[in-house]
Amino acid sequence: MTNHGSQGFRKVAHPSPMPDPERIELIRNPGFGRAFSDHMVTITWTADRGWHEMTIGPRGPLSLSPAAAVLHYAQEIFEGLKAYRTSSGEITLFRPDMNARRFALSAERLAMPALPDNLFIESVEALTSIDRAWIPDGEGSLYLRPFMIATEPFLGVRPAAEYLYVVIASAVGPYFSGGKSTITVWVSEDYTRAAKGGTGAAKCGGNYAASLTAQAVASAEGCDQVLFLDSAEHRWIEELGGMNIFLVFEDGSLQTPPIGGTILPGITRDSLIRLAREEGRVVREEPYAFDQLKADVASGRLREAFACGTAAVISPIGKLKTTDGPIVIGDGNAGEVSLALKRKLVGIQRGDVPDSFGWLHKIA
Ligand code: PLP
Ligand code: COI
């Protein structure tokens with residue numbers, strides 16, 4: 001059965017959504033990115049018709065030509081945002097307008113058609129609404145993964161003329177298994193992630209594919225994430241494979257690498273800069289050399305470091321590792337400033353701390 005749901009989506013009824021007891025069991029302790037909800041959104045783009053066939057229906061396999069451009073030249077972009085259930089039972093998204101904007105900028109960089117911001121927001125609202133039962137109680141959330149792929153079957157190298165936009169959702173807990181209190185980060189001194197003029201500021205799958213060898217080295221070294229240095233001088237700290245980085249100093253100030261084309265402009269990063277400044281903290285968006293980090297650890301000036309992102313939230317960094325050995329940050333435990341910022345951010349997202357910036361987007 002099909003009918004037209006709210007917000008202009010054609011609704012395809014799900015013949016067999018997961019039964020309540022199974023779903024409840026699955027999302028009790030979901031881990032990250034394995035427990036997928038019942039539905040998905042799809043919207044098609046063709047050069048002659050633009051965006052059309054807005055559908056919300058059962059999540060299932062996609063049917064693609066083996067010649068689809070995405071499979072050959074990696075014309076793909078994605079986003080990540082979370083839906084939360086607040087303590088008062090409301091369902092909210094956190095700054096989805098920022099994800100919509102970044103998705104459009106990623107599309108522009110990958111020579112893909114821009115999905116209008118309002119359509120992006122309607123799509124994540126529609127999926128959140130239909131799969132609201134998939135939002136775990138307590139500390140979990142529903143991670144929404146909008147993405148776009150080039151579907152045109154054509155092996156010439158040029159922007160494709162057909163695309164598919166999809167949104168899927170996954171009930172998630174902490175990104176790092178077991179919700180560990182600190183993470184260990186491998187500093188990659190040979191592999192880099194992005195170069196000036198490249199795609200570092202876009203959220204495209206290719207950036208992540210290119211990070212996997214370094215991530216595999218990190219894992220082999222017993223680390224959770226890779227820290228990339230800049231590609232020109234191998235000197236400046238940039239970001240981790242899937243998150244931005246902040247440093248906290250003894251005077252209570254913070255520093256994070258500037259947005260300049262080679263790192264992802266994180267929405268968590270932006271939110272934390274605003275929250276810390278609102279508290280009266282100095283936040284520098286300035287380059288920070290890895291040698292400076294070593295000197296600041298040795299002198300005690302650098303007290304804390306943390307990774308941040310939608311998946312990572314705030315993940316305090318206890319230790320860095322390099323080929324020269326470990327560098328312990330502070331006393332190796334989660335720092336006070338990091339934890340206080342995390343409490344504030346999570347408090348806003350869950351409706352427990354006043355949302356003075358107007359970041360929460362309620363789902364009707
Ligand atoms: N940097 C990279 C490479 C990421 O994959 C992410 C995650 O989305 C971030 C930073 C943080 O971005 P955001 O805070 O918008 O999730
Ligand atoms: C996110 O935080 O949304 C990301 O895309 C990062 C990835 C490590 C899951």
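Leu81 stands opposite Leu144 in strand E9, where helices (H or I, at least four residues) and strands (E, at least two) are DSSP runs numbered from the N terminus. This is a predicted model, in which local features need pLDDT of at least 70 and side-chain atom pairs count only at pLDDT 80 or more, while totals for chains, interfaces and linings use all residues; side-chain values use heavy atoms, with hydrogens and water left out. Residues are numbered from 1 along each chain as its sequence is written, with chains lettered from A and ligands numbered from 1 in the order in which they are written.

Strand E7 (residues 81–85) runs antiparallel to E9, and three bridges join them; two strands pair if DSSP finds at least two bridges between them. E7 also pairs with E8 in the antiparallel sense, over three bridges, with Tyr84 opposite Thr92 in E8. The two strands E7 and E8 form a hairpin with five residues between them. In the turn, Gly89 has a positive phi of about 90°.

## Strand E8

In a regular strand the side chains alternate between the two faces of the sheet. From strand E8 (residues 91–94), Ile91 and Leu93 point one way and Thr92 and Phe94 the other way, and all are buried, that is, under 20% relative accessible area, with exposed meaning over 50% and partly exposed in between (1.4 Å probe, protein chains only). E8 pairs with strand E20 (residues 360–362) in the antiparallel sense over three bridges; the bridge partner of Thr92 in E20 is Lys362.

Strand E9 (residues 141–150) is mostly covered, since nine of its ten residues are buried. Strand E6 (residues 76–78) pairs with E9 in the antiparallel sense over three bridges, and Glu76 has Ile149 in E9 as its bridge partner. E9 and E10 run antiparallel and are joined by ten bridges; Pro146 stands opposite Val167 in E10.

Leu164 lies in strand E10 (residues 162–172) and is buried, with a relative accessible area of 15%. Not counting residues up to four places away in sequence, Leu164 touches Thr42, Ile43, Thr44, Leu62, Phe147, Met148, Ile149 and Thr151, contact meaning heavy atoms within 4.5 Å. The C-alpha atoms of Leu164 and Pro136, 28 residues apart along the chain, are separated by 29 Å.

## Ser106 in helix H3

Ser106 belongs to helix H3 (residues 96–109) and is buried at a relative accessible area of 1%. Leaving aside neighbours within four places in sequence, Ser106 is in contact with Ile77, Ala202 and Lys203. The side chain of Ser106 reaches the backbone nitrogen of Lys203 at 3.0 Å.

## The surroundings of ligand 1

Ligand 1 is surrounded by 17 residues, the closest being Tyr208, Glu239, Ile267, Thr268 and Thr310; a residue is near a molecule or strand if one of its heavy atoms lies within 4 Å of it. By class, this shell has six nonpolar, seven polar and four charged residues.

An oxygen atom of ligand 1 is 2.8 Å from an N or O atom in the side chain of Arg102, and an oxygen atom of the ligand is 2.4 Å from an N or O atom in the side chain of Tyr208. A polar side-chain atom of Glu239 lies 2.6 Å from a nitrogen atom of ligand 1. Taken alone, ligand 1 exposes 380 Å², of which the protein buries 96% (Shrake-Rupley method, 1.4 Å probe). Strand E13 (237–240), helix H7 (267–278) and strand E17 (302–309) are the elements that give two or more residues to the shell.

Key:
A polar contact is a pair of N or O atoms within 3.5 Å; within protein, one must be able to donate a hydrogen and the other to accept it, and residues adjacent in sequence count only if both atoms are side-chain atoms. Ala, Val, Leu, Ile, Met, Phe, Trp, Tyr, Cys and Pro count as nonpolar, Asp, Glu, Lys and Arg as charged, and the others, Gly among them, as polar.
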